[in-house]
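Here is a short note for someone opening this structure for the first time. The points can be read in order.

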Amino acid sequence: MVVDPTQATRRPVDTAAAPAHETAGAPIAQSNLWKDAWRRYLRNRAAVLAGSVFVLLVLYCAIWPFVSPYDPNEVDFALKNQGPNLEHPFGTDNFGRDLFTRTALGGRVSMGIGFGATLVILLIGVAYGSISGFVGGKLDNGMMRFLDTLYGLPYLPFAIIVTAIFGNVTFWTMVVALSIASWFTSARIVRGQVITLKENDYVRAAKAVGARWFRVLARHLLPNTLGVLIIAIFLELPGVILGEAILSFIGLGISPPDASWGQMAQEGRLVYRVAPHIIAVPSIAIATLILCANFIADGLRDALDPRTRET
Amino acid sequence: MTKFIVRRVFWTIPVILVVILLTFGLMRQIKGNPFRTSERAIPAEIQRNLDRKFGLDKPWYEQYARYVKNVATFDLGPSLVLRNRDVNDIVKEHFPRSLELGGLAFLFALVFGIPLGAVSALKANSWLDYAAMFFSNVGFAIPSFLVATLFIYFFVLQFDFGFPTSGWTGWESKVLPVVALGLAPMAAFARLVRGTMLETLQQDYIRTARAKGLRWRRVISLHVLRNSLIPVVTAAGPTLGFLITGSFVIEQIFAIPGVGRYYVTAVQARDYSVVMGLTVLLAVIVIVANLVVDILYGILDPRTRDVRT
């Protein structure tokens with residue numbers, strides 16, 4: 001932990017002004033790290049723009065279905081296959097349903113599965129990576145060999161097999177299918193981080209004063225991997241979102257009546273000759289989300305880990 | 001070096017065994033049996049004979065050993081749904097098309113991606129760089145089904161360039177699917193090359209090469225490009241594996257009868273031996289691609305020989 005000299009000199013005054021919660025052991029330096037990171041992130045204009053669009057997209061999917069004047073499931077063939085216009089900003093689909101509302105609903109499903117699978121991937125990664133890195137020795141060697149074995153395997157065939165195992169594809173089936181062969185990278189990242197952190201003096205000090213292994217792991221190692229994990233969320237998200245879209249597109253997605261962006265694209269595919277906007281709208285939504293996630297990940301990497309900053 | 005290669009090649013054997021075991025374990029979890037359909041009940045005796053024929057009456061480890069033995073002799077077993085068809089026949093019929101599609105898409109990605117990234121890095125922060133990076137970022141994010149559909153919509157339906165919308169016969173039918181499949185890896189290569197080249201340009205040995213009076217062109221071709229390509233080789237292995245093992249989406253859209261399309265059909269028809277055989281085939285291809293990459297890597301960067309097995 002780096003002590004900020006300005007903080008050190010200002011400290012007595014601060015204590016006088018006084019929040020009582022500044023007792024010994026309160027994570028003062030840590031909150032500075034996050035504030036610094038936030039400041040660095042704000043300096044990256046592309047990342048700020050991507051972050052804003054991302055938040056807007058999430059809000060749109062969360063809120064619009066409640067506010068929308070259109071029933072997303074109301075069929076009206078008189079209105080079918082309309083291109084984007086004033087009443088329907090994204091046009092209407094083959095059944096005359098408002099695409100602006102349906103895209104928001106599809107986004108809920110796609111993003112829900114996306115974040116769900118990312119969370120599972122990270123949880124497995126943290127468990128596997130921290131055990132491997134923390135225990136070290138033969139176990140580490142064996143666990144990493146096992147990861148090497150699986151490295152680079154295409155995840156889609158395995159995702160497809162998992163959907164076949166469950167038969168009826170639901171939200172959670174999809175989450176399992178998309179995470180089962182995608183957690184290898186996150187396990188590797190966590191393990192690398194744990195191994196580096198393990199050599200730090202404060203970890204040795206903690207061990208020296210008799211902290212037990214789970215305390216060292218939970219208190220000193222895992223909180224310090226938080227930065228990489230936050231970056232990893234945005235690195236994993238694009239692959240998962242795209243994976244869900246591909247599975248839905250080839251007809252192995254979650255069962256109706258829920259529609260994800262991938263399923264909307266599949267419906268659009270059937271009528272692309274007359275109404276190409278129906279496949280374009282959900283696809284562009286997917287592309288926007290992935291693009292934002294990539295830029296956010298870049299920005300976060302620069303902000304949270306200044307050592308790796310690109311010139 | 002020979003020792004490194006031999007060790008690395010031998011290491012693939014347990015890898016393949018583990019991958020087959022995992023696939024085997026997953027496949028066993030799928031409920032249902034193609035012979036036990038409700039529409040056509042089969043007498044118990046015939047059922048027993050069928051089980052015996054396919055080894056289903058044995059414990060799982062014997063089935064696994066039997067399967068591994070068959071795979072080792074390049075026999076992926078019979079199809080469960082199509083009579084008189086072996087999985088081998090299906091692979092022989094469908095795989096060459098996927099191989100060609102993926103191989104061409106891979107070449108496309110390399111041939112256009114590397115120069116795009118290199119130009120971006122050399123003209124960093126120019127409008128050319130911004131345009132190229134905008135293109136790569138969008139190309140990387142946009143789903144392949146939109147690219148493929150828009151290609152058909154614009155290049156076939158709106159403006160007729162003489163490309164067919166589907167099939168895999170003459171070269172005309174191959175242009176659109178190859179480009180649609182190769183676009184995302186091309187964008188990925190361009191981003192990768194740009195990043196590593198910018199990093200390489202900062203290295204001391206580049207300054208040294210410049211200082212001793214080497215021409216800029218020679219510095220680029222001899223030092224910068226060469227060293228920047230190492231990460232591309234690393235990324236190329238899984239990418240090649242990913243591309244030639246069949247694209248589920250592109251093959252579906254362009255109606256190309258490759259393994260990717262057949263895989264989905266087989267899953268839906270519950271043709272487990274085909275699914276199993278194709279999955280093992282895909283895994284082995286990826287493993288071999290990784291092997292080649294590791295060996296190439298060892299040749300390009302001698303430091304890695306000892307670290308990796």
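1. Of the 309 residues of chain B, 37% count as buried, where buried means that 20 or more other C-beta atoms, placed from the backbone, lie within 10 Å of the residue's own. In chain A, buried residues make up 40% of 311.

2. The model is predicted: local features need pLDDT of at least 70 and side-chain atom pairs count only at pLDDT 80 or more, while totals for chains, interfaces and linings use all residues. Residues are numbered from 1 along each chain as its sequence is written, and chains are lettered from A and ligands numbered from 1 in the order in which they are written.

3. Chain B has 13 helices and zero strands, helices being DSSP runs of H or I with at least four residues and strands runs of E with at least two, numbered from the N terminus. Its C-alpha atoms fill a box of roughly 85 × 60 × 30 Å along the principal axes. Chain A has twelve helices and zero strands.

4. Two residues are in contact if their C-beta atoms, placed from the backbone, lie within 7 Å. Among the contacts in chain B between residues at least 6 apart in sequence, 74% join residues at least 24 apart. For chain A, residues 24 or more positions apart account for 67% of the contacts with a separation of 6 or more.

5. How many residues of chain A are in contact with chain B? There are 33, and they meet 38 residues of chain B. On the chain A side, α6 (155-166), α10 (213-249), α11 (261-270) and α12 (277-304) each supply at least two residues. The most come from α12(A), which gives eight. By class, this side of chain A has 24 nonpolar, six polar and three charged residues. Nonpolar covers Ala, Val, Leu, Ile, Met, Phe, Trp, Tyr, Cys and Pro; charged covers Asp, Glu, Lys and Arg; the others, Gly among them, are polar.

6. Within chain A, the axes of α6(A) and α10(A) come within 11 Å and cross at roughly 55°. The two helices are therefore oblique to each other, a term for angles that are not under 35 degrees (roughly parallel), over 145 (roughly antiparallel) or 65 to 115 (roughly perpendicular). A:Tyr155, A:Leu156, A:Ala159 and A:Thr163 of α6(A) make the contact with A:Gly243, A:Ile246 and A:Leu247 of α10(A). Five of these residues are nonpolar, two are polar and none is charged.

How values were computed: Axes fitted to C-alpha atoms, helices over the stretch in contact; angles between N-to-C directions. Buried ≥ 20, exposed ≤ 12 C-beta atoms within 10 Å, placed from the backbone.
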